[in-house]
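Okay, thanks for coming, everyone.

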Amino acid sequence: LGITKIDRFISMSDMKYDAIVASGIKIVERVPIPPELIPKDAQVEIAAKVHVGYHGGDAYKIPTADELKGVTGRAANEYN
């Protein structure tokens, strides 16, 4: 396709980032998903992903195993 550079990569996935860079494409800036755009019921998933290596930039700190225990999503009765 001829792509040699991505100016702003909007993904927190290290697997995607590593695959793109390994293919010779330069990524100038990684942009994490803003925390306020993560739905409450996705907090558990995002916290776990950041814990195992997803790129969160300055927007996310890497939670400890104990901090992960306190992360909750929506209660089952909150689903429509």
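Helices here, by the way, are DSSP runs of H or I with at least four residues, strands are runs of E with at least two, and both are numbered from the N terminus. There's another glycine like that just after H1, where Gly24 has a positive phi of about 95°.

Quick housekeeping. This is a predicted model, where local features need pLDDT of at least 70 and side-chain atom pairs count only at pLDDT 80 or more, while totals for chains, interfaces and linings use all residues. Residues are numbered from 1 along each chain as its sequence is written, and side-chain values use heavy atoms, with hydrogens and water left out.

Back to H2, residues 43-51. Which of its residues are buried? Those are Ile46, Ala47 and Val50, where buried means under 20% relative accessible area, exposed over 50%, and partly exposed in between, with a 1.4 Å probe and protein chains only. Looking down the axis of H2, the buried residues fall within an arc of 100°, so they line one face of the helix; that arc is taken from the directions from the helix axis to the C-beta atoms. The general point is that an α-helix has 3.6 residues a turn, so residues three or four places apart point the same way. Helix H3, residues 65-69, is part of what covers those buried residues of H2.

Two of them, Ile46 and Val50, also turn up in the largest nonpolar core, together with Met12, Ile38, Ala42 and Tyr60. A core in this sense is a set of buried Ala, Val, Leu, Ile, Met, Phe, Trp, Tyr and Cys residues joined through side-chain atoms within 4.5 Å. Ile46 is in contact (heavy atoms within 4.5 Å) with Met12, Ile38 and Tyr60, leaving aside neighbours within four places in sequence. Ala42 sits in the loop between E2 and H2 and is buried at 16% relative accessible area. Its C-alpha is 8.8 Å from that of Thr72, 30 residues apart along the chain.

Now over to Arg30, in strand E2, residues 26-30. What does the Arg30 side chain make a polar contact with? That would be the side chain of Asp14, at 2.9 Å. A polar contact is a pair of N or O atoms within 3.5 Å; within protein, one must be able to donate a hydrogen and the other to accept it, and residues adjacent in sequence count only if both atoms are side-chain atoms. Arg30 also lies over the face of Tyr17, 4.1 Å from the ring centre. The rule there is NZ of Lys or CZ of Arg within 6 Å of the ring centre and within 35 degrees of the ring normal.

Tyr17 is partly exposed at 23%, while Phe9 is buried at 9%.

Last stop, Ser11, in the loop between E1 and H1. Is it buried or exposed? Ser11 is buried, with a relative accessible area of 9%. A polar atom of the Ser11 side chain lies 3.2 Å from the backbone nitrogen of Ser13. Ser13, in turn, has a side-chain oxygen within 3.3 Å of the backbone nitrogen of Met15, at the start of H1.
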